[in-house]
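Open the model in your viewer and keep the selection tool ready.

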Amino acid sequence: MTNAATPAPEPRTFRERPVSFVRRSGRMSDAQERAWSELAPRYVIEVPRDRAATSILPDSAIDPRAVWGRDAALVVEIGSGQGHAIVHAATSRPDADFLAIEVFRAGLARTMLDADRAGARNLRLVEANAPEVLQHLLPAASVDELWIFFPDPWHKKKHTKRRLVAEGFAAIAAGVLKDGGMLRLATDWEDYALQMRDVMAAAPDFEATFEGEWAPRFDGRVLTAFERKGARVGRDIRDLSYRRVARS
């Protein structure tokens, strides 16, 4: 009796773990379409993809010096939205380099438009799932500051597993931060702030840089319409900040 060969498994086209976003198809405006076609070659880092449209193929690390054309401090913002915070920061700190990570193309297009108007040449963007950028695109110990301002709170109990700052995230952040590098967090959802604090309190690679319950407001974060809206409806803004301890 002849045994038939076992067929090879089909390649997966999905991620094994939930991501912290739902990527809905949204139409860009004519101005955003033009921004993408005209400005993306200057601002957007093209990356090899793995299984999903926003994935990063493992072993695809960039050389920051080659990308930005110099040696400078590197600041990375996860979930840059329409880019208000990072464009302001990039124009305010021309001596540093900035990377915006976002999965929504319309937001990236708006960021490029504003960056181009402001003359921010020290800013680059990547359209990708943030943990994969930290694990596969950025070299280990290459980032001076990592910002996560107002990530999606996924406030329904059945969705909290999608939150970015959860078990396992601190180790990913620690891998990409330089010794002494800063992780800065902010949210207007109290239960997410408490979760963030618990996650980081259990992270051996980080130490808090604040005393008491919460960090003072990070003065490098421009006040955006999103933050004003949260305050207007009565949600308290909570900041947290942590330093990456030296590697042994």
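Select aspartate 59 to begin: at 80% relative accessibility, it counts as exposed, a word that stands for over 50% relative accessible area, with buried for under 20% and partly exposed in between (1.4 Å probe, protein chains only). This is a predicted model, where local features need pLDDT of at least 70, side-chain atom pairs count only at pLDDT 80 or more, and totals for chains, interfaces and linings use all residues. Residues are numbered from 1 along each chain as its sequence is written, and side-chain values use heavy atoms, leaving out hydrogens and water.

Stay on aspartate 59. Its phi is near 65°, positive in a residue other than glycine. Most residues other than glycine have a negative phi. The loop around aspartate 59 runs between helix H1 (30-43) and helix H2 (64-68). Helices (H or I, at least four residues) and strands (E, at least two) are DSSP runs, numbered from the N terminus.

Next, select phenylalanine 150. Look in the loop between strand S4 (143-149) and helix H6 (169-176). Is phenylalanine 150 buried or exposed? At 13% relative accessibility, phenylalanine 150 counts as buried.

Contact means heavy atoms within 4.5 Å.

Center on phenylalanine 206. Its contacts include Ala170, Leu183, Met200 and Tyr242.

Key:
Lists of a residue's contacts leave out its neighbours within four places in sequence.
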